[in-house]
Amino acid sequence: MIHSNGLNKTHCLLLLTVLLILPDQAHALQSHSAPEGIYVHQLAHIFFISALCYLFWDIRRSSFPGKGWRFLQMFCVCMVLWNIVAFTGHSMEAVINASDIEVYSGYLSAKIAGPISPAKIVYYFTKFDHLFSVPALFFLYLCMRSLYRRSCEEEDR
Amino acid sequence: MTQLYLWPANLTDMVGSLLIIIFSFLSLRYAYLLTKNQPDNFLWGFLFYFCMTLAAFAISRAMGHLVKQVLLISGNREQWQALAPLAGGFNTLLMTSLAAVTIYYHKGIEGFKAIEKKAGSLKSTNRELQETAAQLHTMNMNLEEMVEDRTKELSASEKKFRNFFVNSKDMVYFCDASNQLVNMNASGLEMLGYSFEDPPSLNLLDMFLSEDDLDTYYEDILRMGFIEDREVDFVKADGSVIHILLAATAIFDEAGDFTGCEGIAKDLTRVKTMMAQLASSEKMASIGQMAAGVAHEINTPLGVILGYSQLLKDDFPEGTEEGESLQVIERQTKACRKIVADLLKFSRQAESRRENISLNEMLTDVLAVTEHSLNMDHINVYRNLSESLCSIVGDTEKLRQVFINFINNAHHAMEENEGGNLYVSTRNSDDKKFVIATIRDNGHGIPDEIKGSIFDPFFTTKPVGKGTGLGLSVSYGIVQEHEGTIEVESPIEEQEAGEKGPGTAFHVILPAVCEEGHSVTS
Ligand SMILES: Nc1ncnc2c1ncn2[C@@H]1O[C@H](COP(=O)(O)OP(=O)(O)OP(=O)(O)O)[C@@H](O)[C@H]1O
Ligand SMILES: [Mg+2]
């Protein structure tokens, strides 16, 4: 019942969208100019964050047994932090000008030119987003491993 | 600090990207193994897709970063600028997918949980079912055992009561409310003279001699619920009557309605005849005592009468009227003295002696004395004396008297027939505990009506002067004194070859003293 309801809803939405879009479509294709990419990307980050938050909350709610699920929760936390950092980083890119980054003697010696503003410091630290994403994936790895071992044990029993 | 070098960030970027690729693939591997391990588990499926998308994302992003670093380090900035939007797009796409997969997980987990729950409840139901089944099984086993035990107990008790019912020497019967017999044991049927193989359908009405007895029986049963020690007469199959001691109990059903009765009856016929015999023997004993006293008192005047009559006889010679009268007086007085002597014998006044006696010898002696007078009346005497007869202990004189009495009686019984046969025989009983002497004649026999009273003192069928009626009662007393018995048989059932017609046989049964190898020959 629920399933068929969902389908009906989707159908309605689809129909509605098509009806709304059709007159526009008749004129021309929508164009995607420059800032759209970053908007979509940032929205994707927000979407990802909310998905992770949901996952975290749901694991907590379901209270699955075993260490593995706790690792997955930690993965969620780290991933959310990473998303925030990445989101911030992308936002900072709009604040930082290209001139603020000096590339005199090759890419390797690139640096952020002074005077150092708080925005610049934040931007600099967002560059270290891997400090969150690597632990996140490490936790995911631990999670999967522990779940696998546990399932093997269960199987043995 | 006026400037911030970017190389630590770039370095971290490169190392981090590598690590991310490694970890994401390791995770993917475990996720894959998990799905392989438990393909039915939805969670693993979700995690597998999640890891796969994440791995794709990791590759897209990390590779993008690595390529960017490499291109930038190598100074190919333009190329990176051409590639960057593509990498960025991929990143965005995969990130969205990742989020979508995660969201999708929600619906899946719900379904999975529902299934899990169902399975769980199924499992628990199953477990409950199993437990119940196990419980039922044990209960069943117990029940079987219990039933077995009960059945054993029941059959044991059934056997006990059936044995009691079957083996009881008394009559046990059950009858319904209409007094119709439902069940009667073999002893009861035997008592009534019916065959056990083919038991008739009887009513108490058929069994009770008097209907009044049955009425009171039924009334009392209904009124009191039982009767006790009731003496009634039952009619046997052949119409003869037996005396019964009856106890019965009413049977009521759960509603308290009378459904019948169960009873136990004892045959008292034997007891009754024994009681009668006892009474008669007591009577005899008291008569004996009385007679002894009277005899003693009478003896003296009788002696005086005899003495004087004999004295007078000297004065009146024979042939005179007085002489004749005196002779009558003397004869009658002598008869009186004989009676008195008999009476004294009957009352066992005389001391008895105890000695080993050969019955054969004694009978030969007795016959030697009596045979002559028997032959005079054309009576033949046949002897059949056992060679190996055991001896007995007793008073020879008294026992001789007994046999003289029997022979005299036989003589008298055959007198009117103008001749007959007298058989005198002796033998040991089968177990050699008794010696049996039989005096048999083929005289007129003893009618059934008087059979019960021939042993009574003064009972006689003979004319006055001929018999006093003391012969058999005296004999009875003597034989009893010797711990023996007398049996009368008339008419004789076992006829010897050629011998027919009525007659009388007296069997004197005396305890034998039978030592091994000791036999008395005549
Ligand atoms: N052998 C017999 N055959 C037929 N009747 C017998 C026989 N013996 C006894 N009786 C019957 O039993 C009765 C009692 O016998 P019992 O010897 O006691 O007395 P009795 O012979 O009449 O007198 P007595 O005192 O002279 O012997 C007899 O009168 C007779 O009727
Ligand atoms: Mg006699």
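This is a predicted model: local features need pLDDT of at least 70, side-chain atom pairs count only at pLDDT 80 or more; totals for chains, interfaces and linings use all residues.
**Exercise 1.** Which salt bridge partner does Glu330(B) have, and how do the two residues sit in their helix?

*Solution.* The partner is Lys334(B), with an N to O distance of 3.3 Å. Both residues are in helix H8 of chain B (residues 321-346), 4 residues apart, or about one turn of the helix. Their accessibilities can be read in turn: Glu330(B) has a relative accessible area of 8% and is buried, while Lys334(B), with 45%, is partly exposed.

**Exercise 2.** Helix H10 of chain B holds Lys398(B) and Arg400(B). Which residues do they pair with in salt bridges?

*Solution.* Take Arg400(B) to begin with: its side chain meets that of Asp365(B) in a salt bridge of 3.6 Å, N to O. This pair links distant parts of the chain, since Asp365(B) is in helix H9 (residues 359-376), 35 residues away from Arg400(B). Asp365(B), at 38%, and Arg400(B), at 24%, are each partly exposed.

Then go to Lys398(B), which forms a salt bridge with Glu481(B), the closest N and O atoms being 3.1 Å apart. Glu481(B) is in helix H12 (residues 471-481) and Lys398(B) in H10, so the pair ties together parts 83 residues apart in sequence. Glu481(B) is partly exposed at 24%, whereas Lys398(B) is buried at 11%.

**Exercise 3.** Describe the contact between chain A and chain B, and name the salt bridge across it.

*Solution.* Count the residues: 51 come from chain A and 55 from chain B. The two chains bury about 4800 Å² between them, with 74% of it on carbon and sulfur atoms. Between the chains there is 1 salt bridge, formed by the side chains of Arg61(B) and Asp129(A) at 2.5 Å, N to O. On the side of chain A that touches chain B, H5(A) gives the largest share, 16 residues.

Terms used:
Residues are numbered from 1 along each chain as its sequence is written. Chains are lettered from A and ligands numbered from 1 in the order in which they are written. Side-chain values use heavy atoms; hydrogens and water are left out. Contact means heavy atoms within 4.5 Å. Buried area is the accessible area (1.4 Å probe) that two parts lose on being put together, summed over both. A salt bridge is a side-chain nitrogen of Lys or Arg within 4 Å of a carboxyl oxygen of Asp or Glu. Buried means under 20% relative accessible area, exposed over 50%, partly exposed in between (1.4 Å probe, protein chains only).
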